[in-house]
Amino acid sequence: MITEPTSFSAESYFATQSSPPNLGQEIQRVREWIQKQVAAGNRVVLVTSGGTTVPLELNVVRFLDNFSAGNRGATSAEYFLKAGYAVIFMHRQFSLQPFSRHYSHSTNPFLDMLEIEEDDNSPDGTPRISVTPEKRAKLLKTLTVYKAVQASGTLFTLTFVTVNDYLWLLRAVSQELSVLRKKAMYYLAAAVSDFFLPKQKMSEHKIQSGKGNLSIEMDQVPKILKTMVDEWTRDGYIVSFQLETDPELLIPKARAALERYGHQIVIGNDLHRRKFEVVFVTPNTGGHQTDGSAQYVETWVRIDPALTYPGIQQIKEIEEDIVDELVKRHTTWIGEPQ
Ligand code: 9Z3
């Protein structure tokens, strides 16, 4: 058993940690779907969404997790589909998904919009189920788009649970997607754990209590974005998200990520303001010269917070503006009109 802390590179991570058992089959399905998108001339975006777990035991009873419900990813996926993109939606199992998110179990339970009606024409007296009249218009709108997306086959869903599943899937999917070259976008909105417990350090069975405090030393999850940019998908348009709770850190951390990984854009968001404010941080390629010396350009995207409160009629989602702006930037990146 290894006990000293290990610093994993992407390479040593994949050499020592096990791949999820169904990875090969999943990737075969992804490959076939990508071939169809290539034939159709579609742009494809990989949207990652939701939190990752970090198991503490091999026979897992306990794990670390984070807050992400997958709102950002599920909502953005809908707007990408609307913009004509084919979407690989790679999400944490049971996190929110495009379309069904509107009827999530906690905020808008779908059973609350159904009614039971007596049906005189039913031969065995079975009542009918109908949709509450005031909920019909919204449901019809959502259902119509959902059915159209299903019929077009432009939404492909993959699931992960642990940070290990996520890393293996991300590597395999981005390697497959690299055939699309510049037409592929990566929208990395999943909240990925920074720390994990390598399988070599994990207890096989449930950690037992009764021996006082529990100390666990975790290793850092390797910064795979650099390897993604340099090796897995060289021409893709890569959008990462930077989450902070200290607003002072948002821009410096976003700049540092661009510097370190060399990708196209970091979207910074503060935990408490993320539904109405984000900042796009990009390297200054000359086109946005401010004082002639700035290395990075910051563009804030904001909406009225009052429009995001649950229950209001005229809801506005910031993801609409984020996706709109990214589609424009991706078009410039590709160098051809969509
Ligand atoms: C984000 O920052 C997402 O916008 C949120 C969305 C997780 C805040 P919700 O699911 O929240 O809508 O409730 N995601 C990225 C977080 C992250 O782990 N980024 C990595 C990092 O900061 C870089 S790829 O190290």
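A residue is called buried under 20% relative accessible area, exposed over 50%, and partly exposed in between, with a 1.4 Å probe and protein chains only. By this scale F99 is buried, with a relative accessible area of 6%. The model is predicted: local features need pLDDT of at least 70, side-chain atom pairs count only at pLDDT 80 or more, and totals for chains, interfaces and linings use all residues. Residues are numbered from 1 along each chain as its sequence is written, and side-chain values use heavy atoms, with hydrogens and water left out.

F99 sits in the loop between strand 4 and strand 5. Helices (H or I, at least four residues) and strands (E, at least two) are DSSP runs, numbered from the N terminus. The phi angle of F99 is near 70 degrees, a positive value in a residue other than glycine. F94 belongs to the loop between strand 4 (86-92) and strand 5 (114-117). Its phi is near 75 degrees, again positive in a residue other than glycine. Most residues other than glycine have a negative phi. F94 is exposed, with a relative accessible area of 74%, whereas F99 is buried.

The interior was examined next. A nonpolar core is a set of buried Ala, Val, Leu, Ile, Met, Phe, Trp, Tyr and Cys residues joined through side-chain atoms within 4.5 Å. The largest such core has 50 residues. Within this core, I88 and L177 have the most contacts. Helix 5 (residues 163-177) gives the most to the core, with nine residues. A second, separate core holds 31 residues, including F80, L96, V239 and I303.

Contact here means heavy atoms within 4.5 Å. Leaving aside residues up to four places away in sequence, I88 touches V30, W33, I34, V44, V45, L46, V47, F156, L158, V173 and L177. A184 lies in strand 8 (residues 184-188). At 0% relative accessibility, A184 counts as buried. With residues up to four places away in sequence not counted, A184 touches V44, L177, G236, Y237 and H330. A184 and I238 are 54 residues apart in sequence, yet their C-alpha atoms are 8.6 Å apart in space.

The ligand site was then described. The ligand is surrounded by 16 residues. The closest residues to the ligand are S68, R72, F241, N269 and R274. By class, the shell has eight nonpolar, five polar and three charged residues. Here Ala, Val, Leu, Ile, Met, Phe, Trp, Tyr, Cys and Pro count as nonpolar, Asp, Glu, Lys and Arg as charged, and the others, Gly among them, as polar. Helix 3 (71-82) and strand 11 (237-244) each supply at least two shell residues. Strand 11 gives the largest share, three residues.

In the side chain of S68, an N or O atom is 2.6 Å from a ligand oxygen. For G70, a backbone N or O atom lies 2.9 Å from an oxygen atom of the ligand. For N71, a backbone N or O atom lies 3.3 Å from an oxygen atom of the ligand. Taken alone the ligand exposes 610 Å², and the protein buries 88% of that. Accessible areas come from the Shrake-Rupley method with a 1.4 Å probe; for residues, only the protein chains shown count as cover.

A polar contact is a pair of N or O atoms within 3.5 Å; within protein, one must be able to donate a hydrogen and the other to accept it, and residues adjacent in sequence count only if both atoms are side-chain atoms. D219 is found in strand 10 (residues 219-220). D219 is buried, with a relative accessible area of 2%.

L64, in strand 3 (residues 63-64), has 41% relative accessibility and counts as partly exposed. With residues up to four places away in sequence not counted, L64 touches T52, T53, V54 and M218. The C-alpha atoms of L64 and G286, 222 residues apart along the chain, are separated by 43 Å. L249, in helix 7 (residues 247-261), is partly exposed, with a relative accessible area of 36%. L249 and S130 are 119 residues apart in sequence and 50 Å apart in space, C-alpha to C-alpha.

Key
A residue is near a molecule or strand if one of its heavy atoms lies within 4 Å of it.
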